[in-house]
Amino acid sequence: MQEKPGMNETKRLFIGLPLPEEVKKEIFESIGKKLPKDNLSVVKKENLHVTLCFLGNKTSEEQKKVEHALEKIKQKPFEVELFGISHFGKRVLFVQIIRGAGEIEKISRELAGQTGMCDEKFHAHVTLARNKKIEGQEFAKLVEKLNKGNEKKVFLAKEIVLFESRLSPHGAVYTPVFLKKLVGNI
């Protein structure tokens, strides 16, 4: 039996909480422009988001399983407050989530349980950049500088999105492939 073309093709997928355009713009204007692009791999403004679950390469059948799991999520819209810059082992710079992290972590755990595809280790954050060259003290000074004058950003999380991530020489391109609206009154 001959396979249909594209039957075994996979897509690189992740589930994310999108940020409103005005919040992306505020982050990029207040923080992103201060990042030394020669020493860091900076996330493009349009790609700023909160990753709930990185899935990796998945078949269309596995994608359907994920979409079904997303449909089962019972979460009403909730406020997310972003404030402060931190890092994971001087490798990844990120904006901290100081309100809404509990809801985000609950959704991530639920998706991990339903799909078996998500990493159980989870820390809600918005990635700004990956460190390529900055060493010890210089990195600490950068984090300190970025935290000066940093303002809180608040938004209402109203949806969860399954994104396809296509890698290119110019950086990743994220395309929404499935959307789950959060419903209910806050």
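Predicted model: local features only at pLDDT ≥ 70, side-chain atom pairs only at ≥ 80, totals over all residues.
Residues are numbered from 1 along each chain as its sequence is written, and side-chain values use heavy atoms, with hydrogens and water left out.

User: Why is Asn-39 called buried?
Analyst: Buried means under 20% relative accessible area, exposed means over 50%, and partly exposed lies in between, with a 1.4 Å probe and protein chains only. Asn-39 has a relative accessible area of 17%, and is therefore buried. This residue is found in the loop between α1 (21-30) and β2, where helices (H or I, at least four residues) and strands (E, at least two) are DSSP runs numbered from the N terminus.

User: What does Asn-39 touch, not counting residues up to four places away in sequence?
Analyst: Contact means heavy atoms within 4.5 Å, and with that exclusion Asn-39 touches Asn-131, Lys-132, Lys-133, Ile-134 and Glu-138.

User: Why is Phe-83 called partly exposed?
Analyst: The relative accessible area of Phe-83 is 31%, so the residue is partly exposed. Phe-83 has its place in strand β4, and, leaving aside neighbours within four places in sequence, is in contact with Val-95, Gln-96, Ile-98, Asn-150, Glu-151 and Lys-152.

User: Why is Val-173 called partly exposed?
Analyst: Val-173 has a relative accessible area of 42%, and therefore counts as partly exposed. Val-173 lies in strand β9 (residues 173-181) and, when neighbours within four places in sequence are left aside, is in contact with Glu-164, Ser-165 and Arg-166.

User: What joins strand β4 to strand β7, and what joins β4 to strand β5?
Analyst: Two strands pair if DSSP finds at least two bridges between them. Five bridges join β4 (residues 78-88) to β7 (residues 153-157), running antiparallel, and six bridges join β4 to β5 (residues 92-99), also antiparallel, so by the criterion of at least two bridges β4 pairs with β7 and with β5.

User: How many cavities of 30 Å³ or more does a search of the whole structure find, and what makes a space a cavity and not a pocket?
Analyst: The search finds one. On a 1 Å grid over the protein atoms alone, a cavity is a set of points where a 1.4 Å probe fits but cannot get out, whereas a pocket is an open set with protein on both sides within 12 Å along at least five of seven lines, and lining residues have an atom within 4 Å of a point. The largest cavity has a volume of about 40 Å³, a volume being the space filled by probe spheres set on the points, which are joined across faces, edges and corners. Among the residues lining this cavity are Ile-27, Phe-28, Gly-32 and Leu-128.

User: What is the volume of the largest pocket, and which residues are closest to its centre?
Analyst: The largest pocket has a volume of about 910 Å³. Of the 31 residues that line this pocket, the closest to its centre are His-49, Thr-51, His-125, Thr-127 and Arg-130. The largest share of the lining, six residues, comes from β3.
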